[in-house]
Amino acid sequence: MPSPVPGLIRRAARWPRPRIPRTHATWWLSRFRAATLAMIILTAALCALVASEAHGQVTAAVNGGRAVFYLRQAETSLKEANTAAKASDNDRYIQLAGSGTDFQNNVTAATQELLLAAENNAAGPLAATTIQFSEGLLVVYTGLIQQAGIDYQASGGPGLTKAELGYATNLLDGSQGIQVSLHGLIHRETGAVRAAEDSAWLSPAVAWPVLFAPCLAALLIAACTSSVLWRGYRRLISGRLTAAVTAELFLAALVASLDTRDSGQLSRYFRPLVNGQQAASVASPATVNASYAFFWWTLAAGLLLMSAALVLAYTSYRPRLREYRYPR
């Protein structure tokens with residue numbers, strides 16, 4: 001026995017659906033137009049906010065990663081400089097300028113690396129002050145080594161020289177020495193990288209819902225618009241309104257996708273560094289910049305899509321609102 005359901009569906013489709021008076025329909029369409037424009041503007045504002053904050057977090061992570069790299073290089077340079085100083089003392093020979101070419105080269109390298117770490121500092125004013133303090137200790141350390149060389153030349157004996165070298169070594173490795181300061185700086189910069197990587201602005205679980213919430217509201221408004229147009233004017237939804245909502249969705253998807261990509265890139269480049277390993281990419285500023293230089297072209301694309309969506313949404317409602325002007 002055939003099912004009666006298809007027949008019921010056909011009869012229900014032929015039932016007359018009540019029409020909305022055009023005055024009433026126009027009232028609803030004017031409100032829907034305002035709501036649609038508001039949702040497009042809200043989506044664009046949220047996209048700009050997420051892109052800006054994500055750009056800031058990525059910049060902080062990149063700078064912090066470079067600072068960690070340069071601080072670790074400075075640690076290595078200072079250890080090699082101190083080794084050279086001790087070796088010259090064992091040979092009972094200290095040059096007037098210090099402990100020889102190796103010492104000078106390593107001290108110069110450490111000074112440059114501390115300057116680069118200061119330029120890329122992402123851990124705040126306290127870390128900047130600590131870097132300046134470490135630079136000052138490095139100057140004192142170098143002065144002690146040079147003074148040891150001068151005293152050795154003047155006295156011809158190792159007594160005072162050994163004491164000065166001992167003071168210099170304690171300044172480097174002591175409880176308040178340069179190496180301790182560098183360890184604290186690395187810890188702070190690593191914390192800044194970890195905080196940027198874990199930021200909610202770079203979390204796909206936050207970015208996608210936040211950006212698509214007004215888009216879903218715009219879709220609901222478009223569905224209500226379609227219903228009013230059919231019941232009030234026996235017309236289907238405008239293609240321009242469909243294009244406007246599509247542009248809004250595309251803008252949200254673009255920014256959310258870039259946000260997700262940056263979150264993955266941070267984990268790829270800087271997770272080894274946070275875990276105490278060297279990240280090769282941090283040594284190449286050009287590679288890091290190419291990986292994250294997206295903010296300005298995203299802003300340009302967002303302005304273009306937002307403008308197109310606003311124009312399309314406004315003009316999609318205009319013909320129906322002009323077709324019947326009701327008294328105010």
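Visitor: Why is N82 called buried?

Guide: Buried means under 20% relative accessible area, exposed over 50%, and partly exposed in between, with a 1.4 Å probe and protein chains only. N82 has 5% relative accessibility, so N82 counts as buried. This is a predicted model: local features need pLDDT of at least 70, side-chain atom pairs count only at pLDDT 80 or more, and totals for chains, interfaces and linings use all residues. Residues are numbered from 1 along each chain as its sequence is written, and side-chain values use heavy atoms, with hydrogens and water left out.

Visitor: Which residues is N82 in contact with, leaving aside its neighbours within four places in sequence?

Guide: Contact means heavy atoms within 4.5 Å. With those neighbours set aside, N82 touches Y141, T169, L172 and D173. N82 itself lies in helix α2.

Visitor: What makes something a helix here, and how many does the chain have?

Guide: Helices are DSSP runs of H or I with at least four residues; strands are runs of E with at least two; numbering starts from the N terminus. By that rule the chain has 10 helices and 0 strands.

Visitor: What makes a set of residues a nonpolar core?

Guide: The members are buried Ala, Val, Leu, Ile, Met, Phe, Trp, Tyr and Cys residues, joined through side-chain atoms within 4.5 Å. The largest such core has 29 residues, and F103, Y141, I178 and L182 touch the most other members. At least two residues each come from α2 (22-90), α3 (101-119), α4 (125-155), α5 (159-173) and α6 (178-197). The largest share, 9 residues, comes from α2.

Visitor: Which residues does F103 contact, beyond its neighbours within four places in sequence?

Guide: F103 is in contact with A81, A84, A85, Y141, T142 and I145.
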